[in-house]
Amino acid sequence: RASNLALHRALPSDNTDSTSEQRPYLVRVEHPIRKGLLQSLQAVAGAGRIVYAPHDAYIVSMTREEVMEILQIAGVSDVFHVPTEMKVERPLLSALQRRRGVSTAEEDSDAGSNERLHLESASGTITFLIGTSLYIGPDPSEQAVFLKNVEADVAACGLSNVDVRRASATKISCEVPAETEVLWSFVQCAADAWWSLWIAEKPHYHALNFYANRIAQSGTLATPIWDVGLRGEGEVIGIADTGLDVDGCFFTDTVETLASCVGDGALPNCVNTDHRKVVSYRAVENVGQGSGTSIVHDHDKDGHGTHVSGTVAGSFFSDLGGAT
């Protein structure tokens, strides 16, 4: 929670940021959140990403000039630099600390959980996923510029042999040598960077649910329902759950844009029937995000919604530049 962190205000006289450089800021707002506030933030931030940070803040990617405009919006309490602690989740930090031989009461409590990360004992390389403060569009030249900027910042931290790639419109992947101090330095470097919103180890997926659609038909691997031509084509199924990793290989579409929105009812511009799998992605409004807003929700932290959706309608898609 933002209220538990030491915050540093983004002041008009703060010269640490370029006035035209877009970077993430923490916007604290009055609670309960005023109706229409999110739309006001979007009107100023433009193409910058906006992420809700419960229960009284948003992380907004914008320039310092836009910070001054945001401060004038009714319902905005203040604007701060995003603390690095908000970008790196505690299990990741704890795993790195244990790998470095450092232990505290907090790390010890994490060690007893089921959330054990691959990087804690891995060798070779570790791949991190990083949510980006800017959308990385389909234009190859724009992608190249963004990735070169990231590579330059990583090199400026004294890190080499880091492979940076576009993972999706809102994520990059960074493959880092699995040397303990290199991993530690990389996470610190990325957390301090203007282009990062969050940092996580790339999940290691296992096909635990791969045969469920067969077992549900027959109790074995036989497919009597599919065999008579009943495969669900053309049907739209609604699922209410924790979210969906739309960049996963069961749901990704490298051509069509995800239609996403926030709110209830039949919202405009929130349907794309040409998308390979996800016709519409809607976040509920009870988190104070307003209505009718196009925000890409592509990070299912819990994983349950992705699991259920994969059972219902997942379809493996391997044309991802070698990724599966």
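**Close-ups of a predicted model**

There is 1 disulfide in the structure, a disulfide being a pair of cysteine sulfur atoms within 2.5 Å. This is a predicted model, with local features needing pLDDT of at least 70 and side-chain atom pairs counted only at pLDDT 80 or more, while totals for chains, interfaces and linings use all residues. Residues are numbered from 1 along each chain as its sequence is written, and side-chain values use heavy atoms, leaving out hydrogens and water.

**View 1. The Cys157 and Cys189 disulfide.** The two sulfur atoms sit 2.1 Å apart. Cys157 is in the loop between α5 (140-156) and β7 (163-168), and Cys189 is in helix α6 (residues 180-192), so the pair links distant parts of the chain, 32 residues apart (helices, H or I of at least four residues, and strands, E of at least two, are DSSP runs numbered from the N terminus). The S-S torsion is about 80°, so this disulfide is right-handed. Cys189 is buried at 8% relative accessible area, whereas Cys157 is partly exposed at 40% (buried is under 20%, exposed over 50%, partly exposed in between, with a 1.4 Å probe and protein chains only).

**View 2. Cys174, with its sulfur too far from the closest cysteine sulfur for a bond.** That closest sulfur belongs to Cys189, 9.4 Å away. Cys174 is buried, with 0% relative accessible area.

**View 3. Two arginines over tryptophan rings.** The charged end of Arg100 sits over the ring of Trp184, 4.3 Å from its centre. Arg231 lies over the face of Trp226, also 4.3 Å from the ring centre. The cut-offs here: NZ of Lys or CZ of Arg within 6 Å of the ring centre and within 35 degrees of the ring normal.
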